[in-house]
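Please read these points with the model open beside you. They move from the overall fold to single residues.

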Amino acid sequence: MRTGVRLGVDVGKVRIGVARSDLHGMLATPVETVQRDVAGGGADIARLVALRDELEAFEVIVGLPLAMSGGHTASTADALGFARALQAAVDVPVRMVDERLSTVSAQSALRSSGRGSRTQRPVIDQVAAVIIVQHALDSERGTGQPPGTVVSSVEGS
């Protein structure tokens with residue numbers, strides 16, 4: 001298991017959930033929710049770069065939303081495009097990991113803790129990012145291999 005902080009990102013059309021791992025790669029925790037810069041000015045990317053620098057993360061893990069069948073969707077293309085832009089801005093690897101059901105799992109976890117999802121959308125995004133990072137940590141611990149695919153390897157997708 002590699003040591004070091006990982007920064008996790010759940011890309012949405014409106015918000016970006018951000019989470020991190022601890023130094024030893026055991027546990028993921030929420031960080032914040034970043035507003036998506038729909039105007040294209042790059043404020044969202046700039047904030048993620050600042051968080052990467054602040055946390056000294058050695059890689060960024062971006063959730064790859066796939067259809068239940070494993071196929072690509074409009075959200076897949078959006079997340080890949082965002083990950084490519086993020087990769088161009090950070091000096092560490094950006095990895096894409098399957099995030100099927102992360103948002104559904106986040107909503108379920110919040111509901112079972114007594115929190116309504118309607119008023120907790122920013123929290124849902126953070127919890128989804130936590131689920132993405134935790135899944136990546138568990139996968140690496142189980143296989144001994146870094147999770148997902150490095151963005152430069154999926155550019156043809």
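1. Terms and basis. Buried means under 20% relative accessible area, exposed over 50%, and partly exposed in between, with a 1.4 Å probe and protein chains only. This is a predicted model, in which local features need pLDDT of at least 70 and side-chain atom pairs count only at pLDDT 80 or more, while totals for chains, interfaces and linings use all residues. Residues are numbered from 1 along each chain as its sequence is written, and side-chain values use heavy atoms, with hydrogens and water left out.

2. Overall fold. The protein has four helices and six strands. Helices (H or I, at least four residues) and strands (E, at least two) are DSSP runs, numbered from the N terminus. Along the sequence the pattern is β-β-β-α-β-α-β-α-α-β. Of the 157 residues, 43% count as buried. Take the contacts with a separation of 6 or more: 66% of them come from residues 24 or more positions apart. Contact here means heavy atoms within 4.5 Å.

3. The sheet. Six strands form an open sheet in the order β3-β2-β1-β4-β5-β6, and the pairing is mixed. The edges are β3 (28-35) and β6 (149-150); each has a single partner strand, so one side of each is left without a neighbour in the sheet. Two strands pair if DSSP finds at least two bridges between them. Strands of a sheet pair through backbone hydrogen bonds, either parallel or antiparallel.

4. How many residues of β1 are buried? Six of its six residues are, and the strand is mostly covered. R6, G8 and D10 point one way, L7, V9 and V11 the other way. β1 runs antiparallel to β2, joined by five bridges. V11 stands opposite I16 in β2. The two strands form a hairpin with three residues between them. With β4 the pairing is parallel, over four bridges. There, R6 has E59 as its bridge partner.

5. β4 and β5. These strands, residues 59-64 and 94-98, run parallel and are joined by five bridges. V60 stands opposite V94 in β5.

6. Helices on the sheet. Helix α1 (residues 43-55) packs on the sheet and touches β1 (6-11), β2 (15-21), β3 and β4. Its direction makes about 150° with that of β3. Helix α2 (residues 74-89) also packs on the sheet, touching β1, β2, β4 and β5, and its direction makes about 165° with that of β4. Axes are lines fitted to C-alpha atoms, for helices over the stretch in contact, and angles run from 0 to 180 degrees between N-to-C directions.

7. α1 against α2. Two packed helices are described by the angle between their axes and the distance between the axes. For α1 and α2, the angle is about 55° and the axes are 10 Å apart. The two helices are therefore oblique to each other. Angles under 35 degrees count as roughly parallel, over 145 as roughly antiparallel, 65 to 115 as roughly perpendicular, and the rest as oblique. In the contact, D44, I45, L48 and V49 of α1 meet F82, A85, L86 and A89 of α2. By class, this contact has seven nonpolar, no polar and one charged residues. Ala, Val, Leu, Ile, Met, Phe, Trp, Tyr, Cys and Pro count as nonpolar, Asp, Glu, Lys and Arg as charged, and the others, Gly among them, as polar.

8. A129. This residue is found in helix α4 (residues 121-143). At 0% relative accessibility, A129 counts as buried. A129 touches G8, D10, G17, V18 and A19, not counting residues up to four places away in sequence. A129 and G8 are 121 residues apart in sequence, yet 5.6 Å apart in space, C-alpha to C-alpha.

9. E99. Is E99 buried or exposed? Its relative accessible area is 10%, so E99 is buried. E99 is found in the loop between β5 and α3 (102-112). E99 touches D10, G63, L64, P65 and I132, again leaving out residues up to four places away in sequence.

10. E56. Please check the backbone here. E56 has a positive phi of about 55° although it is not a glycine. Most residues other than glycine have a negative phi, and most peptide bonds are trans. E56 is found in the loop between α1 and β4. With a relative accessible area of 64%, E56 is exposed.
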